[in-house]
Amino acid sequence: MNLRRDVFQALADPTRRAILLLVASQSLTAGAIASNFDTARPTVSKHLQILTECELLEQKQNGREIHYHINAKKMKEVADFIEPFRNMWDDRFNKLESIMKEYQTRK
Amino acid sequence: MERKTKVTAEDGKHDILIIREFDLPLDLLFKAYAEPELVEQWMGTKVLKLESKKHGSWEFETTDAKGNVAMRASGVIHEFIPNQKIIRTFEMANTPFGVQLEITEFEKLSDDTSKINMHVIYESVAQRDQLLKLPFAYGINMAHNRMEELLKTLK
């Protein structure tokens, strides 16, 4: 539930969408990404952190540098409008499973 | 995390299939559908009425954080065979989505595992597609509302 909301929250921000577009064509370091924006570097870092946390971006160690690249699988999931519907049922069924497991041990 | 719930919605059709396997014995899985207090817990809704029997009826109500009614849904139960099958109708009040027919089959896989096969049939392809998009639209709205609230606190 939280994860799904976070992905949409991540996508609701125009700067974060711009970052995704930028990284979509090539993987870049945080510095290279920040140089494309007028925003302060820590603000860009925060955006990168959010995008990484909700798995839209992935970090890859490249020598001494960390490159950000797009997680195509996750992007595809979000683009697929059925995915939130599936998530909704998955959340419900996960809840059902944990509630009934607890119910079983209480008996 | 492994994706356990499968949803199949073919283009241009007015039905969907939802399949899920559970680490639960069959009788416990079925109980989660039959007992009102258990349904309330996993569906996150208030159960106003749930007559778990053939020709029984049901009514759920979901309220938002302020206690306002956010959604009311109801229907009738056409078939109720313990540990096997529930056939019911589902309709959300004050929405253009029409009535849907839900055929839920319960299956034993082993002593500790079981499976649900849910076949949902909508009145039209358009209504099915609209309903499928609801959680997607909700996700976007949630994001926007949160952003708006955040902006308000910054002023």
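Modeller: We can go through the helices and strands in turn. Keep in mind that this is a predicted model.

Biologist: Start with chain B. How many helices and strands does chain B have?
Modeller: Chain B has three helices and eight strands.

Biologist: What pattern do they follow along the sequence?
Modeller: Reading along chain B gives β-β-α-α-β-β-β-β-β-β-α.

Biologist: And how much of chain B is buried?
Modeller: Of the 155 residues in chain B, 17% are buried.

Biologist: Which residues of H1(B) are buried?
Modeller: In H1(B) they are B:Leu26, B:Leu28, B:Leu29, B:Phe30, B:Ala32 and B:Tyr33.

Biologist: What covers them?
Modeller: From chain B, the cover includes strand S2 (15-22), helix H2 (36-43), strand S6 (85-92), strand S7 (99-108) and strand S8 (114-121). H6 of chain A is also part of the cover.

Biologist: Is the crossing of H6(A) and H1(B) left-handed or right-handed?
Modeller: The crossing is right-handed.

Biologist: Which residues make the contact?
Modeller: H6(A) contributes A:Leu96, A:Met100, A:Tyr103 and A:Gln104, while H1(B) contributes B:Leu28, B:Leu29 and B:Ala32. By class, six of the residues in this contact are nonpolar, one is polar and none is charged.

Biologist: B:Leu28 and B:Ala32 are both in that contact. Why might residues four places apart in a helix point the same way?
Modeller: An α-helix has 3.6 residues a turn, so residues three or four places apart point the same way.

Biologist: Change of topic: chain A. What is the strand order in the open sheet of three strands?
Modeller: The order is S1-S3-S2, and the pairing is antiparallel. Strand S1 (28-29) and strand S2 (57-62) are the edge strands, each pairing on one side only.

Biologist: How many bridges join S1(A) and S3(A)?
Modeller: Two bridges, in the antiparallel sense, with S3(A) covering residues 65-70. A:Leu28 has A:Tyr68 of S3(A) as its bridge partner.

Biologist: Which helix packs on the sheet?
Modeller: Helix H2 (residues 14-25) of chain A does, touching S1, S2 and S3 of that chain. The direction of H2 makes about 100 degrees with that of S3(A).

Terms used: Residues are numbered from 1 along each chain as its sequence is written. Chains are lettered from A and ligands numbered from 1 in the order in which they are written. This is a predicted model: local features need pLDDT of at least 70, side-chain atom pairs count only at pLDDT 80 or more; totals for chains, interfaces and linings use all residues. A crossing is left-handed if the near helix is turned anticlockwise from the far one by less than a right angle, and right-handed if clockwise. Helices (H or I, at least four residues) and strands (E, at least two) are DSSP runs, numbered from the N terminus. Two residues are in contact if their C-beta atoms, placed from the backbone, lie within 7 Å. Ala, Val, Leu, Ile, Met, Phe, Trp, Tyr, Cys and Pro count as nonpolar, Asp, Glu, Lys and Arg as charged, and the others, Gly among them, as polar. A residue is buried if 20 or more other C-beta atoms lie within 10 Å of its own, exposed if 12 or fewer, and partly exposed in between; C-beta atoms are placed from the backbone. Two strands pair if DSSP finds at least two bridges between them. Axes are lines fitted to C-alpha atoms, for helices over the stretch in contact, and angles run from 0 to 180 degrees between N-to-C directions.
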